[in-house]
Amino acid sequence: MFPLNVGVLTCIGGVILVYVAFTLNRRSTPYLPGPPSLPILGVALKHPKTEFWKTYAEWGRKYGYQGLISFHVLGRRMVVLNSAADAINLLSKRSYIYSDRPFPTMGGLLMRREKSIFYMRIYRKLMHRSFNPSAAQMYWKMQEQEARTLVDNIVKFPEKLVEHLRRNAAAVIMKIAYGYSVTRNDDHFVVTAEEHMRIASLVGAPGKWIVDSLPFLRFLPEWFPGAGFKRQARQWSEKMYLQSVEPHSWVKQQMAAETAVPSFTSSLLRPSDGPPADAEAEDLILWAAGGLYAAGADTTVSATTTFFFAMMMYPAVQRRAQAEVDAFFAAENRIPTLHDQAAFPYLACVIKEVLRWAPATPIGLFHCTSQPDTYKQFLIPAKTTIIANIWAMMHDETVYPDSFVFAPERFMGSNPQTDPRECAFGFGRRVCAGYATLLLLWHATDLQMVLSLLTVNISKPVDENGRTIEPEIGFTTAIVSYVRLSSAYFSTI
Ligand code: HEM
């Protein structure tokens, strides 16, 4: 009985502390409006568990000030920016206040992830150094090869489409990060990296861990009733670190044997224009390379999955994109390469629409204020979590009429709608660090789409009686969201 009583008392004491801190924190300048909330709990009981970006947009319309809302969950204050204008005003124009990341107790402090690419800005330099346009060309051959492998696999095993897309993204990133060639879907490094991602999405799930809202709980010992999260954090942290060490050590062995294929890791460990990395720099390189997979694999897979889903759902778009690719083939009598992107202007609009229609990161990555700020006469306190609702920006009917319709034509003509890339990759100083990398990966994605359109027709699945099955449109909920693509029908052209 004794430990339980202490546990209950600790929790009650903590809740009172939060309440007192919360009450003392009240200022004469009001907070932004938001949904009705309870003392202490805030909106904890009504915060949705799935596709929260839709609820945030709805709360913005119902309770917000010009779409802006604020609320708290157990004292943790959040502001949601539902419009691109507010996101640019705050995250870009006031980036000196809005460029920190909240450091969660579970996924950050307890998991000892201070050096993660998502918290430290030092990595941006490393990435910039390694992913300049001339370095990018180094990967083109490999990307062309991978695009062909992908399309071959789709033709052979169409029912495993999503698996092929994952393998393809993994292969490209593993090659870039470590110079490592993935040859099988069940490759050891890929399986462990996927496990890494699974854990990361569990620890990062907003609202899942009470210790994120009541950080003093981190002082409870592991054996304490209800403190299982501490044991879990330690085990996961050790596992994730080992998962990053393995491919890093593999590169070092390859370098020692002088068989290393040039990569992000090898070029930073032994730069051509300076001394080899010391132990401290090496640790940062290890963390950064591990983060590349986390940041780049899921986002790319999300976008390519959306592409196939949209082609299946919108046959007229598919036919038009296919006509563009066929015309190229007829004129040139060869398979397109990465040098031919300019030949596919309609496909370029399809890709913009992919980013807009189903943004890979609907609520981006959270930012956090480093000091108090006043915006539109409302107070945004220091340490407020700032959520850019990219999904709401991409479905703002004043910017994108009929926003739920997949229509690449919206980016064509003399008066195109706003390029979604202005928001899809985030804002200000924390804008996607992979953007340059991404451009190079994206070209490969481009090529995958071109080759797929050249090789197969994509249509809705059929049942055993040959009747078309109407797919439902649904999305997964996590930092990276996917359209649910259970099956599609492929016929070879
Ligand atoms: C469709 C593809 C992608 C999308 C939509 C995307 C989107 C984003 C967004 C919205 C953010 C948060 C920006 C902010 O906080 O304002 C971000 C951050 C980041 N992205 Fe991407 N990303 C993609 C691909 C990639 C790739 C391929 C890489 C690297 C190989 C990458 C590396 C990163 C990193 C390292 C950050 C953290 C930057 C920081 O905290 O300073 N991303 N991305």
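Where does A84 lie?

Reply: Happy to take you through that region. This is a predicted model, in which local features need pLDDT of at least 70 and side-chain atom pairs count only at pLDDT 80 or more, while totals for chains, interfaces and linings use all residues. Numbering runs from 1 along each chain as its sequence is written, and side-chain values use heavy atoms, with hydrogens and water left out.

A84 belongs to helix α3 (helices are DSSP runs of H or I with at least four residues, strands runs of E with at least two, both numbered from the N terminus). A84 counts as partly exposed because its relative accessibility is 25%, and that class runs between buried, under 20%, and exposed, over 50% (1.4 Å probe, protein chains only). Setting aside residues within four places in sequence, A84 is in contact with M393 and C423, contact being heavy atoms within 4.5 Å. A84 also comes within 8.7 Å of E422, C-alpha to C-alpha, although 338 residues separate the two in sequence.

Next, the sheet. Four strands form an open, mixed sheet in the order β1-β2-β6-β3, where two strands pair if DSSP finds at least two bridges between them. At the edges stand β1 (69-73) and β3 (367-368), each of which pairs on one side only. Further in, β2 (residues 76-81) runs parallel to β6 (residues 385-388), and 4 bridges join them. One of the helices that pack on this sheet is α2 (residues 52-63), which touches β1, β2 and β6 and makes about 120° with the direction of β1. The helix of A84, α3 (residues 84-92), packs on the sheet too: α3 touches β2, β3 and β6, and its direction makes about 125° with that of β2. For such angles, axes are lines fitted to C-alpha atoms, for helices over the stretch in contact, and values run from 0 to 180 degrees between N-to-C directions.

L81 has A388 of β6 as its bridge partner, and M78 stands opposite T385. T385 also faces C368, and β3 and β6 run antiparallel, joined by 2 bridges. Both faces of β6 are covered: T385 and I387 are buried on one side, I386 and A388 on the other.

The shell around the ligand has 25 residues, and R101, R124, H367, R430 and C432 are the closest; a residue counts as near if one of its heavy atoms lies within 4 Å. Among the helices, α6 (122-130), α14 (279-313) and α19 each supply at least two residues of that shell, and α14 gives the most, with 4. Edge strand β3 spans 367-368, and a polar side-chain atom of H367 lies 2.8 Å from a ligand oxygen. The side chain of R101 has an N or O atom 2.8 Å from an oxygen of the ligand, and a polar side-chain atom of R430 is likewise 2.8 Å from a ligand oxygen (polar contacts here pair N or O atoms within 3.5 Å).

Finally, the iron atom of the ligand has C432 (SG) as its only protein donor, at 2.3 Å (donors are N, O and S atoms within 2.8 Å of the metal, or 3.2 Å for Na, K and Ca; water is not among the atoms, so sites may look incomplete). C432 is found in the loop between α18 (421-424) and α19 (435-455).

Notes. Polar contact = N/O pair within 3.5 Å; in protein donor to acceptor, adjacent residues only side chain to side chain.
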